[in-house]
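Please keep the sequence and the structure open while reading.

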Amino acid sequence: MQFQENSHPTGRVGRIEVIVGSMFSGKTEELIRRLRRAKYAHQRIEIFKPQIDTRYSDQNVVSHDSNSIMATPISSSSSIPLLAGVADVVGIDEAQFFDMDLADVCNKLANNGIRVIAAGLDMDFRGNPFGPIPQLMAVADQVTKVHAICVRCGDLAQFSHRTSEADRLVLLGEADAYEPLCRRCYNKAVREEYKNTTY
Ligand code: ZN
């Protein structure tokens, strides 16, 4: 690991904030809340999301309650520094779908005085760490883990349990494809599915 000189050409000190959680945990809403406050303070913001996320709109960071703000869809994390321009704050939504260079890109932005706020799923539907999120969490200045409510028992949920049969890891957050579950209910659901497929 190579350490870089912090140049801070503008005198600003950058940082990396990561917001993670399951489906329906309010990650994007929290990202939007932070970006809106920055905008209100006349800070320049640029928002990016992976090209793959075309659920509702090509141009918006879209949260499930239609509380949305404009984002630029890009296919590679290397485009972020090129397109960030003179931004004070860079927002990244659905960060789990970006390539493994994302943490490095965010580090460079922060070292150049930019506040980076990234939101994403920390685990895929199998409960495994998702894409570049573990690396991003490791280099972040601040990590916020938000929780959904378990639809089966009402405890705090951190798992995105897949309820559809589609076997695509990148299947996106439609309400009918996933449900948030707590650890106990998730393990129970997985055990039952395993039982149903073994005979
Ligand atoms: Zn539960």
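C150 is buried, with a relative accessible area of 3%, where buried means under 20% relative accessible area, exposed over 50% and partly exposed in between, with a 1.4 Å probe and protein chains only. The model is a predicted one, in which local features need pLDDT of at least 70 and side-chain atom pairs count only at pLDDT 80 or more, while totals for chains, interfaces and linings use all residues. Residues are numbered from 1 along each chain as its sequence is written, and side-chain values use heavy atoms, with hydrogens and water left out.

**Zinc site**

- The zinc ion is coordinated by the SG atoms of C150, C153, C182 and C185, at 2.3 to 2.4 Å, donors being N, O and S atoms within 2.8 Å of the metal (3.2 Å for Na, K and Ca), and water is not among the atoms, so sites may look incomplete.
- The angles among the 4 donor atoms run from 102 to 118 degrees, and the site is tetrahedral, a label given to four donors if all angles lie between 85 and 135 degrees.
- For comparison, the ideal angle for four tetrahedral donors at a metal is 109.5 degrees.
- Along the sequence, the donor residues of the zinc ion follow the spacing C-x2-C-x28-C-x2-C.

**Aromatic pairs**

- The count comes to 2 aromatic pairs, under a rule by which rings of Phe, Tyr and Trp (its six-membered ring) pair if their centres lie within 6.5 Å, with planes under 30 degrees apart counted as stacked, over 60 as edge-to-face and the rest as tilted.
- F97 and F130 form an edge-to-face pair, with 5.5 Å from centre to centre and 85 degrees between the planes.
- This pair ties together parts that are 33 residues apart in sequence, because F97 lies in the loop between β6 (89-92) and α3 (102-111) and F130 in the loop between β7 (115-121) and α4 (133-139).
- F97 is buried at a relative accessible area of 17%, and F130 counts as buried at 8% relative accessibility.
- The rings of F159 and Y186 have centres 4.4 Å apart and planes at 10 degrees, so the pair is stacked.
- F159 sits in strand β11 (residues 159-162) and Y186 in helix α5, 27 residues apart, so that this pair too links distant parts of the chain.- Both F159 and Y186 are buried.

- I16 is in contact (heavy atoms within 4.5 Å) with residues including C106, V116, L136 and V139, leaving aside its neighbours within four places in sequence.
- Helix α3 is mostly covered, with 8 of its 10 residues buried, among them L102, A103, V105 and C106.
- The buried residues of α3 pack against β1, α2, β6, β7 and α4, and the helix is followed by G113, whose phi is positive, near 95 degrees.

**Backbone at two loop residues**

- H42, although not a glycine, has a positive phi of about 65 degrees, and its place is in the loop between α1 (27-40) and β2 (45-50), where H42 counts as exposed at 71% relative accessibility.
- E94, also not a glycine, has a positive phi of about 50 degrees, and is found in the loop between β6 and α3, where E94 counts as buried at 9% relative accessibility.

**Whole protein**

- The protein has 5 helices and 12 strands, and buried residues make up 47% of its 199 residues.
- Of the contacts with a separation of 6 or more, 71% are between residues 24 or more positions apart.
- The accessible surface comes to about 10,600 Å², of which 51% belongs to carbon and sulfur atoms, the areas coming from the Shrake-Rupley method with a 1.4 Å probe and, for residues, with only the protein chains shown counting as cover.

Key
Tetrahedral: all angles 85-135°; square planar, octahedral: opposite > 155°, others 65-115°. Helix = DSSP H or I, 4+ residues; strand = E, 2+ residues; numbered from the N terminus.
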